[in-house]
Amino acid sequence: MERLRTVTPLVEQISIDEAFLDISDLSDKPERIARRLQAGIRDELGLPSSIGIAPNKLVSKIATEVGKKAATKGKPPFALTVVPPGKEAEFLSLLPADMLWGVGPKTSARLNELGIHTIGDIARWPDAELVRLFGENGREMAKHARGQDGRAVVTEREIKSISQEVTFSRDVREDKSIEKTLTDLSVQVGRRLRKNELAGTTVKLKIRWPDFTTLTRQVTLPNTTNNDNEIAETALGLLRKNRKSGQAVRLIGVGVSGLGEPMRQLELWGTDSEKERKLQEVVDELREKYGDKAIKRGK
DNA sequence: TCTGGGGTCCTAGGACCC
DNA sequence: TCTGGGGTCCTAGGACCC
């Protein structure tokens, strides 16, 4: 990502190893920029990469995948795929429908039933019909199928929620063990919130039963929190309300949303919650320095 | 892909308020 | 006493993404 930012600051990271670069304001030819970048990544970092160049994010992403797939089997890909302006729809038309963003297994299956297999098939369907069948997603699909995508490259995005979950290697029935895990997860969520200088109002519990059905239960607190204890107590409350003692669980998780700046109670120095906040600050520092095991909550 | 983890966005219903 | 419309917030679930 650092290497990418030497090309332009307009970098949108979309996963651990993928990003969009907006190079529309650079005077150099896009292909030259891409080749130079690819060579740099190879020579400086020893890594392969695939690049797609197109007038918008949607098409460039798909172009990247197409190039990557076409790379010689067993060899690391160094693909470069260019879709010039005006050629977007043509480029997409023969590709399978589920290569489109927003078309997952469910939508793909429904499209298949309608005899729609390629992106070109989607583009040929009336917009109104797609909207009727798929709602807002249908409207997006219609535009995307024609290669239209107006979304800008976004360099930073607001965090909307922070969560932690674990899948047990077996179904777990012991209340103690489940509650301990949930408490640990709450601590991790709290710590990540504080690290990002965030706090949230809504605590969500997630449970997966042995049959893989999933339940979520959330509650909105009167104030924002990033306090380990408060998150844990809230999550534990939801757990006790929604799970019978001894009932087997496959996955447990907790998340906090409704994020904003942590509440500072300046006028309440010396209150319990302020003491708690300062305590937590110290605990975070100790763990940062000496590791997770350095200090634990009693009781 | 017999199924891990962390996210975002959308839909839909209900409560509540004006 | 009943009816109406619109807006916002909350909750639950699901589709989808990497």
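Which residues does Thr-118 touch, leaving aside those up to four places away in sequence? The answer is Ser-93, Leu-94, Leu-95, Pro-96, Ala-97 and Arg-124. Before going further, keep in mind that this is a predicted model.

**Thr-118**
- You'll find Thr-118 in the loop between H4 and helix H5 (119–124).
- Its relative accessible area is 17%, and buried means under 20%, so Thr-118 counts as buried.

**The nonpolar cores**
- The largest nonpolar core has 25 residues, and the members that touch the most others are Leu-182, Leu-193, Ile-207, Leu-239, Ile-252 and Val-254.
- Strands E5 (161–172), E6 (199–208), E7 (214–225) and E8 (249–260), plus helices H8 (175–195) and H9 (228–242), are the elements giving two or more residues to this core.
- There's also a second, separate core of 20 residues, with Leu-92, Ala-97, Leu-111 and Met-141 among them.
- As background, nonpolar side chains tend to be buried together in soluble globular proteins.

**Helix H2**
- Helix H2 covers residues 57–70, and its 14 residues should span 20 Å at 1.5 Å a residue; the end C-alpha atoms are 20 Å apart, so the two agree.
- Asn-56 caps the N-terminal end of H2, with a side-chain oxygen 3.3 Å from the backbone nitrogen of Leu-58.
- The buried residues of H2 are Lys-57, Leu-58, Val-59, Ser-60, Lys-61, Ile-62, Ala-63, Thr-64 and Gly-67.

**DNA strand B**
- Glu-136, Arg-192 and Phe-212 are among the residues surrounding DNA strand B, as are Ile-159, Lys-160 and Ser-161.
- E5 gives the most to the surface near this strand, with seven residues.
- Sorted by class, the surface near DNA strand B has four nonpolar, four polar and four charged residues.
- Of the DNA strand B atoms within 4 Å of the protein, 93% belong to sugar or phosphate, and the rest belong to bases.
- Phosphate oxygens of DNA strand B lie 2.8 Å from a backbone N or O atom of Lys-160, 2.7 Å from a side-chain N or O atom of Ser-161, and 2.7 Å from a polar backbone atom of Ser-163.

**DNA strand C**
- How many residues surround DNA strand C? There are 17, and the closest are Ser-15, Lys-61, Thr-107, Gln-218 and Thr-220.
- Phosphate oxygens of DNA strand C lie 3.0 Å from a polar backbone atom of Gly-102, 3.4 Å from one of Val-103, and 3.0 Å from a backbone N or O atom of Thr-216.
- Helix H4 (105–113) and E7 are the elements that give two or more residues to the surface near DNA strand C, and E7 has the largest share, six residues.
- By class, the surface near DNA strand C has six nonpolar, seven polar and four charged residues.
- Sugar or phosphate accounts for 93% of the DNA strand C atoms within 4 Å of the protein, with bases making up the rest.

Notes:
Residues are numbered from 1 along each chain as its sequence is written. Chains are lettered from A and ligands numbered from 1 in the order in which they are written. This is a predicted model: local features need pLDDT of at least 70, side-chain atom pairs count only at pLDDT 80 or more; totals for chains, interfaces and linings use all residues. Side-chain values use heavy atoms; hydrogens and water are left out. Helices (H or I, at least four residues) and strands (E, at least two) are DSSP runs, numbered from the N terminus. The expected span of a helix is 1.5 Å times one less than its number of residues. Buried means under 20% relative accessible area, exposed over 50%, partly exposed in between (1.4 Å probe, protein chains only). A polar contact is a pair of N or O atoms within 3.5 Å; within protein, one must be able to donate a hydrogen and the other to accept it, and residues adjacent in sequence count only if both atoms are side-chain atoms. A nonpolar core is a set of buried Ala, Val, Leu, Ile, Met, Phe, Trp, Tyr and Cys residues joined through side-chain atoms within 4.5 Å. A residue is near a molecule or strand if one of its heavy atoms lies within 4 Å of it. Ala, Val, Leu, Ile, Met, Phe, Trp, Tyr, Cys and Pro count as nonpolar, Asp, Glu, Lys and Arg as charged, and the others, Gly among them, as polar. Contact means heavy atoms within 4.5 Å.
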